[in-house]
Amino acid sequence: MSHILTRRRLMLAAACALLPLVATAEGPRDWSAAPWQLMMVGSPACHFCRAWEAEIGPGYAASPAGRAAPLFHVDVDGPYPDGLALARRPWITPTFVLLRDGSEVGRVEGYVGKRHFHPVLGQVMRDAGLDPGA
């Protein structure tokens with residue numbers, strides 16, 4: 001019966017096929033290059049991660065938030081950059097962690113949709129002392 005494709009095996013095969021497409025952070029990261037950064041923690045099997053990439057990802061770098069806190073990706077299973085200080089390990093995908101000099105200062109867990117993402121992230125940024133419009 002090992003030849004029967006179960007739903008779990010199909011999901012695992014799909015996740016393995018997409019693994020090379022996920023950008024990961026590796027090794028030392030120069031936190032001084034951009035003191036404010038946004039780390040997106042995702043998974044190749046995450047439907048909401050793919051929705052964010054399609055709806056927000058293409059324009060993020062040009063947005064006020066993207067100029068204030070450049071984005072980098074990390075797989076939920078790592079590796080995580082050296083020198084990173086998080087309040088707790090992300091387990092929901094996607095999770096967007098706002099970092100200042102490598103230390104977490106705010107986060108958005110989950111994808112709240114195209115209409116609400118920038119307002120929610122903007123509030124997290126303002127709460128952390130970063131004005132995304134400046």
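This is a predicted model: local features need pLDDT of at least 70, side-chain atom pairs count only at pLDDT 80 or more; totals for chains, interfaces and linings use all residues.
Residues are numbered from 1 along each chain as its sequence is written, and side-chain values use heavy atoms, with hydrogens and water left out.

D75 lies in strand β2 (residues 71–75); strands (E, at least two residues) and helices (H or I, at least four) are DSSP runs numbered from the N terminus. Buried means under 20% relative accessible area, exposed over 50%, and partly exposed in between (1.4 Å probe, protein chains only). A salt bridge requires a side-chain nitrogen of Lys or Arg within 4 Å of a carboxyl oxygen of Asp or Glu. The side chain of D75 does reach the backbone nitrogen of D77, at 2.9 Å.

Elsewhere, R88, E104, R107 and E109 are linked in a network of salt bridges. R107 pairs with E104, their closest N and O atoms being 2.8 Å apart, and both residues are buried. R107 also meets E109 at 3.5 Å, N to O, while E109 meets R88 at 3.0 Å, N to O. This last pair links distant parts of the chain, with E109 in strand β4 (residues 103–109) and R88 in the loop between β2 and β3, 21 residues apart. E109 counts as partly exposed because its relative accessibility is 34%.

Key. A polar contact is a pair of N or O atoms within 3.5 Å; within protein, one must be able to donate a hydrogen and the other to accept it, and residues adjacent in sequence count only if both atoms are side-chain atoms.
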